[in-house]
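Reader: I'd like to talk through the ligand site and the domains. Could you take me through them?

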Amino acid sequence: MQKTLAIDIGGSGIKVIVLDETGETITERARVETPNPAKPQPILEQIISLAAAQGDFDRISVGFPGVVVGGVIKTAANLDSDWLGFDLQTVLSEKLGKSVRIANDADIQGLGAISGKGVELVVTLGTGFGSALFVDGKLVPNLEMGHHPFRKGETYEEQLGRAALDDIGKKKWNDRLEKAIANLQHLFNCNYIYLGGGNTKKITFELPSNVKVVPNVNGLLGGIALWRD
Ligand code: BGC
């Protein structure tokens, strides 16, 4: 049986778990704080020690909080800029001696959540504002709604990321989120919108019937989908 080490690199935490071939969890999820500064070297060190504590595995899936093309990091808005151009796939594979597949963190959340039918949008509410769009289960690559203008000259991430939540508080953040969801409904006319990420806990308003909150652990569970060829 092929075991997959699933890793979720986030702006505030790094999480790992081992999945069996069907995507069921085999180990307990482990988490450490993301090092500050969030440069490649200290993050790789944390991943290596988390991996060592998870027992054996055959391959690795990584969710990264930025645009990833061919295993190479293209953007990393909430981590250190040393990540730009970093070939995470090759480096991690050399360090851990296993095959590695990497995708954007919101894409992985989505892969763990979608039905595979129609237009489905995934939004993650954490340190950053993640987004992933699927059409009949097929990913539209590199969608970065987070850095798109939303309102008052600010992007979705500036208005709804963790820093904004800390700054304006839960009430205003909820008002903004409600507006953002309405905007995104108009833009994509989705069958479903899935909301993931740790800050979904802060939602206080009633969501439209086609909007669902998905568990944050999907950011790890979706990692199995990277091995479905
Ligand atoms: C990044 C996205 C990422 C999101 C959530 C944004 O700042 O640009 O790629 O999915 O944060 O981590």
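This is a predicted model: local features need pLDDT of at least 70, side-chain atom pairs count only at pLDDT 80 or more; totals for chains, interfaces and linings use all residues.

Reader: How far apart do the C-alpha centres of domain 1 and domain 2 lie?

Author: The assignment gives domain 1 as 4-108 + 223-227 and domain 2 as 114-213. Their C-alpha centres are separated by 23 Å.

Reader: Which domains does the shell around the ligand draw on?

Author: That shell (residues with a heavy atom within 4 Å of the ligand) divides into three nonpolar, seven polar and three charged residues. At least three residues come from each of domain 1 and domain 2.

Reader: Which residue has a backbone N or O atom 3.4 Å from an oxygen atom of the ligand?

Author: Look at the polar contacts, meaning pairs of N or O atoms within 3.5 Å. Side-chain polar atoms of D105 and E157 each lie 2.6 Å from a ligand oxygen. The backbone atom at 3.4 Å belongs to G66.

Reader: What percentage of the ligand's exposed area does the protein bury?

Author: Using Shrake-Rupley areas with a 1.4 Å probe, the ligand taken alone exposes 310 Å². Of that, the protein buries 95%.

Methods:
Residues are numbered from 1 along each chain as its sequence is written. Side-chain values use heavy atoms; hydrogens and water are left out. A polar contact is a pair of N or O atoms within 3.5 Å; within protein, one must be able to donate a hydrogen and the other to accept it, and residues adjacent in sequence count only if both atoms are side-chain atoms. Ala, Val, Leu, Ile, Met, Phe, Trp, Tyr, Cys and Pro count as nonpolar, Asp, Glu, Lys and Arg as charged, and the others, Gly among them, as polar. Domain bounds come from an automatic or database domain assignment.
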